Amino acid sequence: MNPEPTDPRTANRHETGDPSAILPAIEERDLPPGRHQFHKEHLMSRIHDDRRTAAPRAPRNPFLRKAVLLPAATALAGALAVGVLVLTPGGTPDDDRAAGPALTTTIGTVDTHGAPRLLDRISLAAAGTDVPRPRAGQYVYIETRSASTHVRTVDGVSSLVGVPLHTRQSWRSPDGRKGWLIEPGNTGPEGITLEGTDEKGDAPEPHLGAPSHDYLAALPTDPDALLRKIYEETKGQGRGKDQQAFTTIGDLLTESWPTPGLAAALYRAAAKIPGVVTVDGATDAVGRKGVAVARLDETSGQRTEWIFDDRTLAFLGERTVQVVGSDGEDGLIKPGTVVFTHAIMVRAFVDDIKVTPSGTAS
């Protein structure tokens with residue numbers, strides 16, 4: 001039985017500031033030689049956009065998971081070493097399957113009229129969540145699991161390449177000036193700093209494409225005002241204003257930790273975007289099943305789905321699925337291919353970079 005959305009609820013165990021909280025077990029794998037090579041300049045590119053005609057883009061947050069592009073050698077090494085993408089330590093979910101390097105799924109049924117009601121319930125549930133506040137000197141810690149499928153062309157021959165399920169850890173100061181990232185295949189074991197300056201030597205100012213925790217706290221929580229700001233700041237970016245607005249909200253939900261008030265406003269703002277629908281079933285990167293709020297990018301035929309626990313309405317993660325036509329070089333990305341899947345495992349405030357909520361160094 002679903003809880004009443006007006007009932008107050010506490011944060012999930014994976015969203016807590018309590019270092020003693022029990023965290024989900026995370027599977028680790030040994031990496032093949034060469035996987036630790038990392039080209040930092042590629043951080044500002046997207047995996048599944050690298051072979052398409054680029055539309056104007058927003059400045060990207062280097063913390064965003066879509067901003068990582070594996071060098072050709074390391075991506076190919078990962079595909080050959082793994083062969084099959086595994087969603088959970090115990091195997092793939094019943095309705096998801098891995099075939100070679102391509103991660104595929106059953107395409108859920110769309111309800112074109114259900115989004116406003118579901119997002120209203122999700123908004124009320126989010127507003128009632130008890131989320132801790134950071135103490136002075138703490139960092140926002142986000143731990144996720146991700147996998148993806150994209151096309152790689154070598155010597156004129158195109159093939160599907162899978163980036164296997166892996167853990168990604170990021171630390172960020174509330175003002176956004178200090179940060180650290182550890183991600184197998186994209187950084188070395190110790191990770192890299194994400195602290196830097198702009199072309200003038202100044203610390204970059206936070207914005208919607210690269211928000212800090214403090215920046216998010218200052219955003220309007222009126223849904224209409226918030227959506228206006230999103231449309232204004234993303235004008236001319238992406239493949240249409242509505243799809244870009246939906247993508248921007250999704251990035252804020254997955255790679256940040258919005259306050260309950262802002263999260264509620266983001267969901268209500270999303271309900272006002274044309275083309276937003278519900279999907280009756282979706283599975284995140286670690287096999288958790290739920291309902292989804294989604295929007296189809298008509299240019300690519302790919303549907304981005306925000307996945308929610310169907311009982312608690314907690315946000316679990318996001319995935320992008322090819323649902324119409326084929327995409328990628330030579331049309332290799334067929335309907336049912338999961339282009340990207342991303343599951344939120346832990347969000348917490350911790351006392352230092354490379355410290356996890358359990359109190360141990362990463």
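## Ser173 and its surroundings

A polar contact is a pair of N or O atoms within 3.5 Å; within protein, one atom must be able to donate a hydrogen and the other to accept it. In this predicted model, the side chain of Ser173 places a polar atom 3.2 Å from the backbone nitrogen of Arg177.

Ser173 belongs to the loop that joins strand 7 (157-172) and strand 8 (179-182). Its relative accessibility is 7%, and because buried means under 20%, Ser173 counts as buried. Apart from neighbours within four places in sequence, the residues in contact with Ser173 are Gln138, Tyr139 and Lys178. Gly137 lies 36 residues from Ser173 along the chain, yet the C-alpha atoms of the two are separated by 7.7 Å.

## Thr105 in strand 3

Thr105 is part of strand 3, which spans residues 102-105. With a relative accessibility of 3%, Thr105 also falls under the 20% cut-off and therefore counts as buried. Its side chain makes a polar contact with the side chain of Arg319, at 3.2 Å.

Helix 6 covers residues 260-270. Of its eleven residues, nine are buried, so helix 6 is largely enclosed by the rest of the structure. The buried residues are Pro260, Leu262, Ala263, Ala264, Ala265, Leu266, Tyr267, Ala269 and Ala270.

## Helix 2 against helix 6

Helix 2 (residues 115-127) packs with helix 6 at an angle of about 175 degrees, and the two axes are 8 Å apart. Because angles over 145 degrees count as roughly antiparallel, helix 2 is roughly antiparallel to helix 6.

On the side of helix 2, the contact is made by Leu119, Asp120, Ile122, Ser123, Leu124, Ala126 and Ala127. Helix 6 contributes Pro260, Ala263, Ala264, Tyr267, Arg268 and Ala270. Sorted by class, this contact of helix 2 with helix 6 has ten nonpolar residues, one polar residue and two charged residues.

## Helix 4 and its buried side

Helix 4 runs over residues 223-233, and its residues Pro223, Leu226, Leu227 and Ile230 are buried. These four cover an arc of only 95 degrees around the axis, which means that they lie on the same side of helix 4.

The buried residues of helix 4 pack against helix 5 (241-255) and helix 6.

Definitions and conventions:
Residues numbered from 1 in each chain as written. Predicted model: local features only at pLDDT ≥ 70, side-chain atom pairs only at ≥ 80, totals over all residues. Heavy atoms only, no water. Axes fitted to C-alpha atoms, helices over the stretch in contact; angles between N-to-C directions. Helix = DSSP H or I, 4+ residues; strand = E, 2+ residues; numbered from the N terminus. Parallel < 35°, antiparallel > 145°, perpendicular 65-115°, else oblique. Contact = heavy atoms within 4.5 Å. Nonpolar A, V, L, I, M, F, W, Y, C, P; charged D, E, K, R; others polar. Buried < 20%, exposed > 50% of the residue type's maximum accessible area, 1.4 Å probe, protein only. Arc of directions from axis to C-beta.
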